[in-house]
Amino acid sequence: MNCFDRRDLGLLLLRLGTGGVLAAHGAQKLLGWFGGGGIEGTGQAMEAMGYAPGRASATAAGLAEAGGGALLALGLATPAAGAAAAGAMAGAAAVHVPSGFFAQAGGYEYAASLGLTAVGLAVTGPGRLSLDHALGHTVNRNWMVPVAFAATAAATTVVVGARNKRVRKAVEEQQEPLFD
C-alpha cells in the first residue's frame, strides 16, 4: 500500500465516522431514533434554546445533520455536505458557548470537533474511495467549496444571530431594573 492509498483509506474512515455520527444525530431530530425527540420534541427543545420557530429549526438542523452526514459518509457532494454539517454544528456550538469549551462542563467542544472535521473533509475532498470519485466529481468541483461555505456562513450567521438576539432579550426581561 503506498501513501496515496493510505490517504484515501484515512479519508474514508473519517467520512464514515463523522458522517455516521452526524446522520445519527439528525435521525434523532427528524425521526426520534436513538432516543431522540423527533420533530416535535426537538422543536420544543429548539424553542427553549432560542431557535424559533422550533419545528422549522428542528427540521433544518435534522436535515443538515442527517443529510450532510449521510452524504459525507458516502463521499457524495462533499463540499455541500461538509458545509451543511458545519453550519448545523455552528448552531449547536452557539448554544453551548456559555458553558465554556469542554463538553464535560456542557461546552461546545463536541460540536466544534464535528464541525471542524466536516469542514476539513469538504476542503480536502472525499478521496478515491467515494461516490464523488466514482461519478467523476460532477458534484465535487473546486469552485463548489467556497460557494457552499459562503452560503452556509451567510445562513448560519442570520440564524445564530437571531437566536442570540432572542436569548439576550429574554435575559434582559428577567433582570430587575438597576435603578428605580
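G115 lies in helix 5 of a predicted model, in which local features need pLDDT of at least 70 and side-chain atom pairs count only at pLDDT 80 or more, while totals for chains, interfaces and linings use all residues. Residues are numbered from 1 along each chain as its sequence is written, and side-chain values use heavy atoms, with hydrogens and water left out. Helices (H or I, at least four residues) and strands (E, at least two) are DSSP runs, numbered from the N terminus.

The protein has seven helices and zero strands. Its C-alpha trace spans about 75 × 30 × 30 Å along the principal axes. Of the 180 residues, 36% are buried (under 20% relative accessible area, with exposed over 50% and partly exposed in between; 1.4 Å probe, protein chains only). Among contacts (heavy atoms within 4.5 Å) between residues at least 6 apart in sequence, 66% join residues at least 24 apart.

Not counting residues up to four places away in sequence, A85 touches L22, A64, L72 and A118.

The axes of helix 4 and helix 5 come within 8 Å and cross at roughly 160° (lines fitted to C-alpha atoms, for helices over the stretch in contact, with angles from 0 to 180 degrees between N-to-C directions). Helix 4 is therefore roughly antiparallel to helix 5 (angles over 145 degrees; under 35 counts as roughly parallel, 65 to 115 as roughly perpendicular and the rest as oblique). On the helix 4 side the contact is made by T78, P79, G82, A85, A86, M89, A92 and A93, which meet A111, L114, G115, A118, V119, L121 and A122 in helix 5. These residues divide into 12 nonpolar, three polar and no charged (Ala, Val, Leu, Ile, Met, Phe, Trp, Tyr, Cys and Pro count as nonpolar, Asp, Glu, Lys and Arg as charged, and the others, Gly among them, as polar).

Leaving aside neighbours within four places in sequence, G115 is in contact with A86 and M89.
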